[in-house]
Amino acid sequence: MVINYQRKIFLSTILDKNSPVTRLLILVAIVMVSCEPQISDHPVFKYYPPTEVLEDGYVSKYYRHYYPKNSDQNASTEIGYSKYKKVSDKILLNSYNAGFDHSGILESRVSGTQIFTERVVDINQIDTIEIDIISSIREDWGAQKNEPYELKYVFNEKDYSFTENQLDVYDTLIDGAAAKVLVTESFYRDLETDEIVNQFKSKDIYVEGLGYYSTTADFENFRMELELVEQMPIEEFERRADHDKHRIAWIDPDKTLDSDAEFKICGGERRIADYYNSTPDGRYIHGKRAMLDTIFNNLDEAKLLEQNGRLTFRFVVNCEGQTGRFIVNGYDFMYQPIKFEQETIDHLYGILRKLESWRPVVLQDESRDAYFYITFNIEDGKITDILP
């Protein structure tokens, strides 16, 4: 059963929105631990889900949207999962990417109105990095916090720091429910040159009994918004992620829609990245508007057969910008697996094969293979949205 807590979780990045080093560094910690049997009056915990949910653990699936301030650039969306579990006096947070690969760890605790970070780990396909915590007091929910929150890390063999200052904390109402608002300003600094290399302001809202409700973050070149789309028990998340492969996002080339095609990846299976792992993102070269035009200009709605649900095509774009290894999954609007008619799948797959111009992911000046996806939201036989 899906846990329908309307929460949003903010996961930002280091240096730019796609840095692979510390996708968890400025995660707003969900610190929901209390030694008290009742949390309804606690200055922090009353803004989170019930104790039994925290102790059992749960997973949130979210979309993270990026809106460039340059009108010539396209908006983009990432998918991620965060798993929360109360253990003793801590909350253990594990993050996963769209392919269910483990991407980070955050351990936090609360004391009175103050939230502390005790451990931050970034996990990628090549390395696991422990982040140094210089000042651990992240936030104070009861008063203005004067001491900055600070971390140090190494990226591309250079030393950087991340500093967050709490600018304001106040109470408000969201749809009639009590809510807490925290406003912060954050900086990334090159420690060798002592220069600020990136900064942003954010506003986070927590709603009583619901948890982290929304976030907006304004960077120099884009705005980020985090949207929760689903919550589920840990058992349900593990069921979805159990594909019997060490690399969960892996696509078996012998079980694809194009298994007879002469498509080759450039590197090894473990080196296949994700579409959002570079700057700029890997994407359709002509932009989303052109992609939508191609899809709708070739669409025959009669072949959608009045169906309802989400039809997701996953595939690989290799280092040369070629597509292959297409697989498809269908879900209803409660994210339960369903089967779409083969006629619908074949029709949409045929249209996607017309999208031939793709920009590959680039990591450390090297073009790489990467996993991509396109999801069609279909209601009563009509496409109502296409993600990302």
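Reader: Which residues do ring pairs link into a cluster in this structure?

Author: In this predicted model, ring pairs join Tyr66, Tyr149, Phe162, Tyr188, Phe200, Phe219 and Phe222 into a cluster. The whole structure holds 21 aromatic pairs.

Reader: Why is the pair of Tyr66 and Phe222 called edge-to-face?

Author: The ring centres lie 5.4 Å apart and the planes stand at 70 degrees. Rings pair if their centres lie within 6.5 Å, and planes over 60 degrees apart count as edge-to-face.

Reader: How do you know whether Tyr66 and Phe222 are buried or exposed?

Author: A residue under 20% relative accessible area counts as buried. Tyr66 has 3% and is therefore buried; Phe222 has 11% and is therefore buried.

Reader: Why is the pair of Phe315 and Phe326 called stacked?

Author: Their ring centres are 4.7 Å apart and their planes are at 15 degrees. Planes under 30 degrees apart count as stacked, so this pair is stacked. Phe315 lies in strand β17 (residues 309-317) and Phe326 in strand β18 (residues 323-331), 11 residues apart. Phe315 is buried at 1% relative accessibility, and Phe326 is buried with a relative accessible area of 1%.

Reader: How do you know that Lys61 has no salt bridge?

Author: The nearest side chain of opposite charge, Glu230, is 4.9 Å away. A salt bridge needs a side-chain nitrogen of Lys or Arg within 4 Å of a carboxyl oxygen of Asp or Glu, so Lys61 has none.

Reader: What makes the buried residues of helix α3 line one face?

Author: In α3 (residues 288-297), Met291, Leu292, Thr294 and Ile295 are buried. Seen down the axis of α3, these buried residues fall within an arc of 160 degrees, so they line one face of the helix. On the other side of α3, Arg289 and Asn297 are exposed. In general, an α-helix has 3.6 residues a turn, so residues three or four places apart point the same way.

Reader: Which elements do the buried residues of α3 pack against?

Author: They pack against β16 (283-284), α4 (342-352), β20 (358-359), β23 (370-379) and β24 (382-387).

Notes
Residues are numbered from 1 along each chain as its sequence is written. This is a predicted model: local features need pLDDT of at least 70, side-chain atom pairs count only at pLDDT 80 or more; totals for chains, interfaces and linings use all residues. Side-chain values use heavy atoms; hydrogens and water are left out. Buried means under 20% relative accessible area, exposed over 50%, partly exposed in between (1.4 Å probe, protein chains only). Helices (H or I, at least four residues) and strands (E, at least two) are DSSP runs, numbered from the N terminus. The arc is that of the directions from the helix axis to the C-beta atoms. Contact means heavy atoms within 4.5 Å. Lys and Arg count as positive and Asp and Glu as negative; His and the chain ends are not counted. Rings of Phe, Tyr and Trp (its six-membered ring) pair if their centres lie within 6.5 Å; planes under 30 degrees apart count as stacked, over 60 as edge-to-face and the rest as tilted.
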